Amino acid sequence: MKKRNRKWITFVLMAAVFTLLAGMSAFAKTHKETKGVPYGQREYFVYSGPASGISKVKSSNKKVASVTTRKEGAGVEVCLKLKKQGMTNLSYKVKKNGKTVTYKIKLCVYKNPFKTLKVGNANYKSQFSVGDYSTLLKGKGKVKIKLKKGWKVKSIKVQGGGSNWRKLKKGEQVDIEHKHSLRITLKNTKYRFTTDYWIWGGGV
């Protein structure tokens, strides 16, 4: 009888522990990822809302990116000020609807990855010194890409005339001014994140 009681008590305690752990996981989650952000963007947006909704914001490498907080109406806006190319670990906690989520982001601040980016004779390289898209309506011909060390082309897709995105065929010619848009997906081979570059054309 005593042995049965001990088994029952053990079962109840284990059930209580599992219930507690389940409850803790519902209220405390951790979100981890690696991201890339262009240096020319100058700032990386983190949060906007009540000041009580975010806490413990840290950047591990302040020479690469430092935390800036400014008032936004009745709340705050939190960003990272990008200072130079490099890597930093961003961490912070966000509380919403009684739940707290911890964010841990490996953030790679990088400069223009293109050595060469042309559509026909139109040079698009300088278009991506600041951001990740271009609306320069020039270029008709083949797409020519050369990348800096540490990058590779994952895919090139084309869209035109209201059609869906499709893979660009080898040697295919595009017409940015009148028909086509491009989506160039690159992969950073060191930090293993992907990023998209967009050339919006006359077919939009």
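Biologist: In strand 14, which residue is the bridge partner of K142?

Modeller: This is a predicted model: local features need pLDDT of at least 70, side-chain atom pairs pLDDT 80 or more, and totals for chains, interfaces and linings use all residues. Residues are numbered from 1 along each chain as its sequence is written, and side-chain values use heavy atoms, without hydrogens and water. Strand 11 and strand 14 (residues 173–175) pair in the antiparallel sense over three bridges, where a pair needs at least two bridges found by DSSP. Within strand 14, K142 is bridged to Q173.

Biologist: Which residue in strand 11 does K118 stand opposite?

Modeller: Strand 8 covers residues 114–119 and strand 11 covers residues 140–147. The two strands run antiparallel and are joined by five bridges. In strand 11, the residue opposite K118 is K144.

Biologist: Which strands stand at the edges of the open sheet of five strands?

Modeller: The open sheet has the order 10-16-15-12-13, with mixed pairing.

Biologist: Which residue in strand 16 is the bridge partner of S134?

Modeller: S134 belongs to strand 10, which covers residues 133–134. Strand 10 pairs with strand 16 (residues 194–199) in the parallel sense over two bridges. The partner of S134 in strand 16 is I199.

Biologist: Is S134 buried or exposed?

Modeller: Buried means under 20% relative accessible area, exposed over 50%, and partly exposed in between (1.4 Å probe, protein chains only). The relative accessibility of S134 is 1%. Because of that value, S134 counts as buried.

Biologist: Which residues is S134 in contact with, leaving aside its neighbours within four places in sequence?

Modeller: Contact means heavy atoms within 4.5 Å. I199, the bridge partner of S134, is also one of its contacts. With those neighbours left aside, S134 touches Y124, Q127, F128, W198, I199 and W200.

Biologist: How far from a polar atom of the side chain of S134 does the backbone nitrogen of L136 lie?

Modeller: The atom on the S134 side belongs to the side chain, while the atom on the L136 side is the backbone nitrogen. Their distance is 3.1 Å.

Conventions. Helix = DSSP H or I, 4+ residues; strand = E, 2+ residues; numbered from the N terminus. Polar contact = N/O pair within 3.5 Å; in protein donor to acceptor, adjacent residues only side chain to side chain.
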